[in-house]
Amino acid sequence: MERRTIGAAALAVGAVGLGCMPMSWAYSASRQRGDESLRAVHRALDLGASLLDTADMYGPFTNELLVGRALKERRSDAFVSTKVGLLVGDQHIVANGRPGYVKRACDASLRRLQTDVIDLYQLHRADPEVPVEETWGAMAELVQAGKVRALGLCAVGARAGRRTGARLHDGTIRQLERVQQVFPVSAVEAELSVWSPQALEALLPWCRTRGVGFLAAMPLGNGFLTGRLRPGAGFEADDLRARHPRFTGEMMAANQPIVAGLRRVARRHGADVTPAQVALAWVLAQGPHVVPVPGTKQERWVTENTAASTLRLTLGDLEEIAGLPAAQGSWD
C-alpha cells in the first residue's frame, strides 16, 4: 500500500487506516465479536493499513484491550493512535484534561495496548475547566518521557452554540493555534467525507500549510456512503445512528442521490469497484497528508476499504462528485 507521511515528525503510515471503534463501541453491540474483530485488525496489517485508531473511552477501555491483543504479536507492523480526555459515565460523557489524569491515563493505555510507546496520542476533547495549554503540556511531557512519539488533536466538531457566521472548525483552529505554541501538532482528526466536506473549508488548509497530518474520521459517512444501508430498515437502540437525524428513513431516502452518484463513478472504473471505494478515493485525493480511517469490524470490509488506495479518480470524477447534491438533514 502507498505510504503517507503525517506531521513534522515524518510518521509514515499506510494511506488507508483502520478505525477500531465499531469493534466494541457506538455500533450494534449484538454484532460485536472479539475474534472476528481481531481477524479484521490482522487483515488490515497484512494489507499495509498500519494506522490503528482507538481511544480509551471506546468501550470504555475494551477497544484498547482488543487492539492490544493484536499488538502483542505484531507491534512492528502497526502505527498506534489512541486518545485521552473523555470519561464515560452512566448516560453521560465528560472531559478531563487535568495533567495528572492525562499521565495516569497514558500509563493505563500503554498497559491495555501491551506496548511501551504510543505512536500518536490525541487529545479527544479539551476540558473547559483546564487551559488546553496545561493539558497539552502534560502530553508533551509524555513525549519527552518516551511514552509517546507524537501528539494529535481531535476536532471539536460542535455545531450548536457557534458564533453567528462562524465556520464549523473555527473553534478547533483556535485550539490548534494555542497548543502549537507549547508543542508541535503532528495530526488532526476530524470528520471528512463526500457528504460531510466541511473540513475542506478551513481545517484541511490549516493542516496543509503547516505540515500537519489529517486523519479523516467517518470517511464513509457512518456506513451510508457504502450504499448498503436501506432507508427505513432501522438500527439497534445502542447504535449511534439510531439517534442521528441523517439516519431517519426520510433523510436516508432523500440522500440516496449521493450514493447513486458514487455508483456511477464506480461503474466507470470497473465492475468490482464499489461506492465505498470511490468515497475513500475522494478523501485520499484531498491531499497527500490525508489518511482516511474507515471503521469496521469485518475482514471483508477491511479488504474492500484498503483496495481504495489504488483507485485513482480522474478530474472528471472529482468534478462529478463535487456536483452531487449536498446532504440533507441536520448532523448535530
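Predicted model: local features only at pLDDT ≥ 70, side-chain atom pairs only at ≥ 80, totals over all residues.

User: What makes α1 and α2 oblique to each other?

Analyst: The axes of α1 (residues 34-46) and α2 (residues 62-74) make an angle of about 45° and are 9 Å apart. Angles under 35 degrees count as roughly parallel and 65 to 115 as roughly perpendicular, with the rest as oblique. The angle of about 45° falls in that rest, so α1 and α2 are oblique to each other. As for handedness, α1 and α2 cross in the right-handed sense.

User: Which residues make the contact between α1 and α2?

Analyst: On the α1 side you have G34, D35, S37, L38, V41, H42, L45 and D46. From α2 come L66, R69, A70, E73 and R74. Sorted by class, the α1 contact with α2 has five nonpolar, three polar and five charged residues.

User: Why is α1 called roughly parallel to α10?

Analyst: Their axes come within 8 Å and cross at roughly 25°. The cut-off for roughly parallel is under 35 degrees, and that is why α1 counts as roughly parallel to α10. This crossing is right-handed. R39, A40, R43 and A44 of α1 meet E299, V302 and T303 of α10, and the contact of α1 with α10 has three nonpolar, one polar and three charged residues.

User: And what makes α5 roughly parallel to α6?

Analyst: Helix α5 (residues 170-180) packs on helix α6 (residues 203-210) at about 25°, with the axes 10 Å apart. An angle under 35 degrees counts as roughly parallel, so α5 gets that label with α6. α5 passes α6 in a right-handed crossing. In the contact, T172, I173, L176, E177 and Q180 from α5 meet L203, W206 and R210 from α6. The classes there are four nonpolar, two polar and two charged.

User: How many cavities of 30 Å³ or more are there?

Analyst: The count is one cavity of 30 Å³ or more. The largest cavity has a volume of about 40 Å³.

User: Which residues line the largest cavity?

Analyst: The lining is G17, L18, A44, A49, P294, T296, V302, N305 and T306. Helix α10 (residues 299-307) gives the most to this lining, with three residues.

User: How do you know how many residues of the lining are nonpolar, polar or charged?

Analyst: By sorting them: Ala, Val, Leu and Pro are among the nonpolar types, Asp, Glu, Lys and Arg are the charged ones, and the others, Gly among them, count as polar. For the lining of the largest cavity that comes to five nonpolar, four polar and no charged. G17 is in the lining, and Gly counts as polar.

User: What makes the peptide bond from G59 to P60 cis or trans?

Analyst: Omega there is near 0°, and the bond is cis. P60 sits in the loop between β4 (51-53) and α2. For context, most peptide bonds are trans.

User: What is the phi of M218, and where is the residue placed?

Analyst: Phi of M218 is near 50°, a positive value in a residue other than glycine. Most residues other than glycine have a negative phi. M218 lies in the loop between β11 (213-217) and α7 (249-254).

Key. Residues numbered from 1 in each chain as written. Heavy atoms only, no water. Axes fitted to C-alpha atoms, helices over the stretch in contact; angles between N-to-C directions. Helix = DSSP H or I, 4+ residues; strand = E, 2+ residues; numbered from the N terminus. Parallel < 35°, antiparallel > 145°, perpendicular 65-115°, else oblique. Left-handed = near helix turned anticlockwise from the far one by under 90°. Contact = heavy atoms within 4.5 Å. 1 Å grid on protein atoms, 1.4 Å probe; cavity = no way out; pocket = protein on both sides within 12 Å on 5 of 7 lines; lining within 4 Å. Points joined across faces, edges and corners; volume = space filled by probe spheres on them.
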